[in-house]
Each structure stands twice: as C-alpha cells, then as structure tokens.
Number of protein chains: 2
Amino acid sequence: MSTAEEQTLARVALTWLTEPGTWSVYHLVDRLGPVTALDLLLDGGAPDEQLRATVAARSAGGDARAVAAEAVTRTERLGARIVSPGDDEWPARVDHLRRLRLPDAQRRVDTQTAPPLCFWVRGCWPLAEAFDRSVAVVGARAATGYGTHVATELGYGLADRDWTVVSGGAFGIDAAAHRGALTAGGLTVAVLACGVDRPYPMGNAALFDRIADTGLLVSEWMPGADPLRPRFLIRNRVIAAGTLGTVLVEAAARSGATQTTHRAIALGRPGMVVPGPVTSAMSVGAHELLREYPKARVVTGVAHVLEEVGRIGGDLAPVPRGPQRPVDLLDDDTRSVLESMPRRGVVGVDVLAARAGVAVRTTLRKLSMLEEMALVVRREKGYALASPPTRRSSRDGS
Amino acid sequence: MSTAEEQTLARVALTWLTEPGTWSVYHLVDRLGPVTALDLLLDGGAPDEQLRATVAARSAGGDARAVAAEAVTRTERLGARIVSPGDDEWPARVDHLRRLRLPDAQRRVDTQTAPPLCFWVRGCWPLAEAFDRSVAVVGARAATGYGTHVATELGYGLADRDWTVVSGGAFGIDAAAHRGALTAGGLTVAVLACGVDRPYPMGNAALFDRIADTGLLVSEWMPGADPLRPRFLIRNRVIAAGTLGTVLVEAAARSGATQTTHRAIALGRPGMVVPGPVTSAMSVGAHELLREYPKARVVTGVAHVLEEVGRIGGDLAPVPRGPQRPVDLLDDDTRSVLESMPRRGVVGVDVLAARAGVAVRTTLRKLSMLEEMALVVRREKGYALASPPTRRSSRDGS
C-alpha cells in the first residue's frame with residue numbers, strides 16, 4: 001500500500017501529464033489507484049493511443065515525478081495545500097461529475113468532464129465546508145453597469161445569508177460577485193484556471209489577495225501553471241459541479257459563462273438566468289440560454305436564487321461525510337439556531353431567533369447548549385460561531 | 001325563423017343586459033338562438049338567480065330592445081358596423097374561448113370567459129382578415145423608454161412582415177405597438193373596452209383616428225359605453241383569443257397585461273415575454289410570468305415572435321371559413337406570391353419573388369394570373385394588392 005504522500009505526489013504528476021477532466025486517466029486512477037496508474041502511464045501503458053501520445057509529449061519536457069515533487073514543495077512554501085479525494089475537506093459534490101454527460105458533445109472540453117484528481121487551495125476554510133452551501137455567480141467579462149450592479153447585489157445578498165459565492169475571478173461579473181460577497185463579510189471562492197500563486201487576471205490582484213485572506217483560491221492546476229485558454233472552459237465544470245446552483249448574470253452570445261450554466265443544468269442543478277434588456281448585447285447569451293434550455297429558470301434576485309438552491313439543497317443534503325460530527329446529534333431547533341449563525345461576525349439573539357424561526361426563549365436555551373459544546377461563543381453584542389469547527393482537523397488531514 | 005336583423009338586435013340587447021363573457025347567456029344563445037334567449041331573459045326566465053337579478057337590474061334602467069334599436073341606429077350613423085357569429089368577417093378564432101378554462105379561477109373576470117356575442121367594428125378591413133395573421137403586443141401603461149422602444153420595434157417589424165398588430169389602445173406599450181405598425185404602413189387593431197365612438201384614453205385620440213383610417217377599432221360594447229374598470233380585463237380575453245400569440249413587453253407585478261398573456265397560454269397559444277432589466281419595476285410582471293408559467297417563452301425580437309406564431313399558425317391554419325373564396329383555388333406558388341404581397345403599397349417583382357421564395361419568372365407569370373383575377377393591380381414600380389378582395393362582400397354580409 002502506498003502512503004498518502006505517495007498518492008498525492010502521483011495525483012499531482014497525473015494532473016501535470018494530462019489536462020484535468022480526462023476520463024481515461026480518471027478511470028485508471030479509479031481502478032488502480034493514483035500510484036499504479038502513474039506507473040502504468042509512465043511505462044507507456046496508457047489504454048489508448050491519444051493518451052500515450054500526450055504522456056510521451058509531456059514526459060519529453062521533464063520527469064513527471066520530479067515535477068510533482070517540486071510542485072509539492074512549492075505548494076508548501078506558498079502556504080497553500082493540496083486536497084485529494086478521501087481528504088476530510090474534499091468537496092464531495094464535484095464527484096457528481098462522474099455522471100455528467102453532455103449530449104451532442106463534440107469538443108474535447110465537452111467530452112472530457114471527469115472529476116478533478118486533486119485541488120490546490122489557498123485560504124483557511126476547509127474546502128468542503130466552503131462549497132457546502134454555495135452558489136456560483138458567473139457572467140461576462142465585458143459586463144455592463146447593469147450586470148455589475150446585479151452581480152454585486154447577488155454576491156452581497158447570498159453572502160449575507162451565509163451562502164458561499166463561487167466564481168471564476170475574472171473581470172466583470174465574476175469580480176463583482178466576489179466583491180459583493182466580501183463586502184457582506186461573507187465567504188467567497190475563486191476557482192482559477194491557473195496556479196493559485198499567480199491568479200489571473202493580474203488586474204484583479206488586490207481582489208485575489210482579499211479572497212485568499214478570508215475565502216479560498218482554488219485550482220486544478222499546480223502553482224506556476226499558465227491560464228491557457230482552454231483551461232477556463234475545463235475549469236467551468238468544477239464551478240458548476242461544486243455548487244448547489246449556477247446563476248448567469250450577463251453573457252454575450254455563446255460565451256463561456258453560458259457553458260458553466262449548461263453544465264449545472266446537465267448535472268441536475270438549478271441553472272438560473274438573470275434576464276436583461278433585449279437591447280443589450282451582453283444579455284443575448286442569457287436570453288439564448290432561457291430559450292434553449294426549458295429547465296433554465298429566470299431569477300431576478302437573491303430570494304429567487306435561494307428558492308431554487310434551497311429546494312435542491314434539500315434533495316442533496318445528506319452528502320455522505322465520513323465520521324459523525326457533534327452537529328449531527330443536535331435536535332432540530334438547535335440545528336436551526338446553529339445553521340442560522342452568520343459565518344463571520346456577531347449576531348443578536350432576536351435576529352438569530354427570527355432567522356432560525358425559533359422562539360427567543362428557546363433560542364437562548366439552545367445557545368447555552370451550543371456554547372457548552374464550544375460551537376458558538378458569547379460576545380458583547382450577541383453570539384458568534386466558534387472558530388470553524390472542523391478547520392483544524394481538515395488541515396491536519398490534507 | 002328570425003331575420004338576421006332581429007338576431008343582431010337580440011345580440012345587442014343581450015350584450016347590454018349582461019357583461020360580455022357571461023357563460024349562462026352564451027349557452028342560452030347557443031341553445032335557443034339570440035332572439036329566443038332574449039325573450040326568455042326578459043320574461044324573467046334566466047336559468048340562475050344571479051342572472052335573473054342582473055337582467056332585472058339592467059331592465060329597470062330601460063327597455064333592452066329599445067336600447068338595442070337605438071344602438072344599431074347609432075352604429076350606422078357612426079359608419080361603424082356590428083359583426084356577429086356567422087357573418088363572413090366573424091373572426092372564428094375568438095370562438096376558441098369556448099374551451100378556455102382557467103384553473104383556480106375565483107374572480108368573475110376569470111370564470112366568465114365565454115366568446116363574444118357580437119363586435120362593433122370601425123374601419124374598412126374585414127375583421128376576420130385583420131385577425132387572420134395577427135399577434136397581440138401588450139404591456140404596461142406606465143412603460144419605460146426601454147419598453148416603448150421594444151414595443152415600437154416589435155409593432156414595426158411584425159407589420160412590416162404583414163402581420164396584424166393587435167393591442168388595447170392604452171398608453172405606453174399598447175400605443176407604441178400600434179404606432180410601430182402604423183409607421184410600417186401595416187395593419188393594426190385596437191380592441192377597446194368601451195364604445196368605438198369614444199375610444200379611451202382621450203389622450204390617444206389622434207392615434208385612434210389613424211387606426212380607424214387604416215386598421216380597425218373593435219369593441220364588445222355598444223357605442224357610448226364607458227370604459228369601466230372591469231371591462232379592460234373582460235376585453236383581454238378577446239385580444240388573447242383573436243390572435244395567434246401574445247407578446248408581453250413590460251408589466252408591473254400582477255398587471256392586466258400579464259392576464260392577457262395567461263389567457264393566451266391557457267388557450268394553447270404562444271405566450272411570449274420580452275425580458276427586461278431586473279432592476280426595473282416595469283419588468284417585474286414579465287419576469288413573474290416567466291417564472292410561473294413554464295410554457296411562457298422568452299422572446300427578444302420579431303424573429304423569435306415569428307418562430308412561435310409561425311409554428312402555431314401552421315397548426316391552426318385551416319380555420320373553417322364558410323364559402324370557398326377564389327384564393328382557395330390557387331396553386332401553391334400563386335398563393336405564396338399573393339400572400340407575400342404587402343397589405344399596403346407597391347412591391348417590386350424581385351423583392352416579391354424573394355419573399356415568396358418563388359423564381360422571378362414564375363412570380364411574373366403568377367402575377368399576370370392574379371391581375372386577371374383582379375386580386376392584384378400593376379403599378380408603375382411593381383404590383384399592389386387590389387382593394388381588399390373580400391371587403392365589399394364582407395360588409396354586405398354584416
């Protein structure tokens with residue numbers, strides 16, 4: 001049996017040898033484990049001609065195992081981490097990509113949609129927790145004032161209700177959604193198409209710094225990796241699969257953001273579209289999507305988004321998590337109170353009771369209990385969550 | 001057997017006694033004919049208590065037969081006409097209201113949706129022809145610049161492709177749609193909720209004059225009738241049923257225009273919605289409709305509208321028409337050429353051939369044939385339709 005370190009190293013080498021999403025590699029890893037799969041590929045034993053050629057071409061540029069070892073060192077030096085399937089903080093929902101099939105897929109990016117082999121993560125939150133209650137907000141880079149306004153409001157409103165806002169860190173709609181979430185003091189995740197050490201675009205550097213401080217920068221590519229054009233489209237499947245639903249704010253005809261929304265719909269997640277003026281070129285893609293996909297839903301604000309993801313959230317809720325956590329043992333009221341706590345900052349008892357839909361007296365009783373369990377802490381003006389309950393353990397596990 | 005005049009008089013009296021749409025009256029007329037139905041009602045023989053009370057209350061204000069006789073005289077003096085079922089120009093499609101059932105209907109206006117008993121019409125075109133290839137464009141009175149722009153473009157574009165633009169003559173979206181159609185030299189129909197002699201609102205008086213000159217003013221209410229508030233909603237079912245589809249451009253939450261679109265959908269017609277900025281109160285109703293009715297379709301321009309009504313137009317095409325007309329005897333190419341003629345103005349042979357999708361030589365041959373049949377006339381720069389082929393006969397029949 002190989003060690004966890006060997007397995008991680010093999011996964012890193014495999015993501016370097018072939019682009020993420022390649023089904024044949026994913027299936028090999030699934031069957032043989034990453035270490036044996038890597039050995040097989042490097043020995044020229046790839047199951048198909050194309051993969052053999054790809055591996056040979058990459059290997060000509062360096063030794064995969066050495067590259068991987070260097071990447072691991074570089075990751076540690078950065079203060080980033082590598083998260084693999086089986087780790088506590090692995091976001092189980094991205095494995096639903098196993099069942100993603102896009103009818104009429106022709107292009108590589110549409111046929112090669114396997115789950116990721118591993119993630120690079122920068123930021124403190126456990127990845128799985130960050131994605132747990134998350135919504136993607138995506139859209140055009142060349143957004144209009146209208147789109148930027150709407151995306152900011154959505155980002156703010158979702159974060160304010162303790163949903164994580166996931167996007168791609170691009171100019172325009174992506175940046176507006178991240179910024180809205182940050183303004184609300186909420187959690188936001190940028191899923192990148194390049195290394196987490198050099199997030200693209202450079203013009204959003206200050207934004208990326210803020211995201212890394214309070215949220216997460218996530219990538220399937222190792223530090224130093226370039227944001228090659230196809231990678232944005234490869235990356236989009238993770239945004240769609242990692243979240244409970246995707247909201248498209250503005251998109252020109254046939255844009256990358258509409259592709260993310262397609263993937264969400266194909267995965268059975270809500271694909272939500274904010275309409276716009278029909279006179280705006282930046283809403284053409286959004287309206288096209290509404291016309292082409294009967295399952296795409298019109299949303300005009302946070303309330304509509306929550307209506308959609310709330311429903312699907314209920315359906316998908318019992319994501320299998322390894323060990324039982326104290327939270328799993330709570331009664332309904334206590335759990336409501338705990339789940340209504342803001343991720344960051346302090347909340348007054350009255351507000352909390354109203355949010356949780358639990359009587360104030362009961363809320364107070366449950367809060368003392370939660371305090372005893374070290375899940376919340378009392379502050380001057382109310383209560384706050386204790387430092388993320390599983391953060392320490394998750395990081396130890398990665 | 002009563003004469004046509006007696007029947008018309010009875011229908012007029014019946015529309016005065018009870019508001020249009022009342023099922024019990026419609027069923028009585030259906031079973032007994034209008035003359036006997038009127039006799040029965042005036043003798044206190046209404047089949048239900050409520051109808052008896054309504055008839056009694058109205059009759060206290062005057063003699064129904066005398067009121068009707070006066071209305072007929074007044075109609076003639078106006079140069080208007082009364083069109084009844086069975087007349088050549090009766091728009092058969094409104095009788096599809098027979099099968100309109102609105103689930104969960106509570107209010108009178110939603111339960112009493114029977115087909116009209118008769119129409120008052122001002123304008124030269126035969127009513128049935130005007131409605132034949134028609135689309136409703138409806139929306140908010142307090143429209144924004146955006147909505148007005150879109151409605152004008154739609155009105156223009158539809159009229160330019162020889163579709164009749166039907167609307168309600170109100171301020172805002174309705175007026176913009178009518179104006180767009182008039183600008184294109186096309187046919188437009190205002191379906192009113194008051195007498196055709198005093199179209200409401202007064203502020204649109206100049207517009208109504210232009211519509212009466214080149215299109216039609218239509219109403220279920222006799223000359224002199226007031227635009228009472230509930231009548232707008234009663235009227236809406238005719239807009240929805242008379243056209244091949246309804247386009248909603250802008251609407252505030254729960255507005256009358258969304259109600260017209262509901263009715264179109266309930267009748268199995270395309271209910272089309274132009275989205276708008278989610279930041280605009282004037283698009284809230286439009287987006288609500290898209291969210292509530294999965295069958296509502298997003299449209300962003302004329303091409304989308306034609307896609308929808310073209311399809312349904314094909315389905316519904318063989319509307320039963322009494323006597324066979326010369327046009328019914330034409331071969332496909334000739335009919336294409338004839339149907340591609342603009343309703344107004346002259347068209348060059350090349351343009352006509354392209355529109356009809358028929359070779360220029362063939363088009364020329366078919367045009368001579370049509371000229372011989374007195375259906376088209378040759379002009380200096382091309383061909384024009386002869387004065388409306390069935391206008392004379394239809395008016396004789398009314």
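1. The model is predicted.

2. UniProt, in an unreviewed entry, lists "domain: Smf/DprA SLOG" for residues 84–309 of chain A.

3. Helix 2 (residues 23–32) of chain A and helix 3 (residues 34–42) of chain A have axes that come within 7 Å and cross at roughly 125°. Helix 2 of chain A is therefore oblique to helix 3 of chain A, the oblique class here lying between the limits of 115 and 145 degrees. The crossing of helix 2 of chain A past helix 3 of chain A is right-handed. On the side of helix 2 of chain A, the contact involves A:V25, A:L28, A:V29 and A:L32; these meet A:P34, A:T36, A:A37, A:L40 and A:L41 in helix 3 of chain A.

4. Chain A contains an open sheet of 9 strands in the order 1-2-6-5-4-3-7-8-9, with mixed pairing. Its edge strands are strand 1 (81–83) and strand 9 (297–298) of chain A, each of which pairs on one side only. Strand 9 of chain A is joined to strand 8 (residues 271–273) of chain A by 2 bridges in the parallel sense, and A:M272 has A:R297 as its bridge partner in strand 9 of chain A.

5. Two helices pack on the sheet of chain A. Helix 12 (residues 256–266) of chain A touches strand 3 (134–138), strand 7 (246–248) and strand 8 of chain A, and its direction makes about 145° with that of strand 7 of chain A. Helix 13 (residues 284–292) of chain A touches strand 7, strand 8 and strand 9 of chain A, with a direction at about 130° to that of strand 8 of chain A.

6. In chain B, 9 strands form an open sheet in the order 1-2-6-5-4-3-7-8-9, and the pairing is mixed. Strand 1 (81–83) and strand 9 (297–298) of chain B each have a single partner strand, so one side of each lacks a neighbour in the sheet. Strand 4 (residues 164–167) and strand 5 (residues 188–192) of chain B run parallel and are joined by 3 bridges; B:S167 has B:A190 of strand 5 of chain B as its bridge partner.

Technical notes
Residues are numbered from 1 along each chain as its sequence is written. Chains are lettered from A and ligands numbered from 1 in the order in which they are written. This is a predicted model: local features need pLDDT of at least 70, side-chain atom pairs count only at pLDDT 80 or more; totals for chains, interfaces and linings use all residues. Side-chain values use heavy atoms; hydrogens and water are left out. Two strands pair if DSSP finds at least two bridges between them. Helices (H or I, at least four residues) and strands (E, at least two) are DSSP runs, numbered from the N terminus. UniProt positions are given in the numbering used here, feature names are shortened, and annotations may be inferred rather than shown by experiment. Axes are lines fitted to C-alpha atoms, for helices over the stretch in contact, and angles run from 0 to 180 degrees between N-to-C directions. Angles under 35 degrees count as roughly parallel, over 145 as roughly antiparallel, 65 to 115 as roughly perpendicular and the rest as oblique. A crossing is left-handed if the near helix is turned anticlockwise from the far one by less than a right angle, and right-handed if clockwise. Contact means heavy atoms within 4.5 Å.
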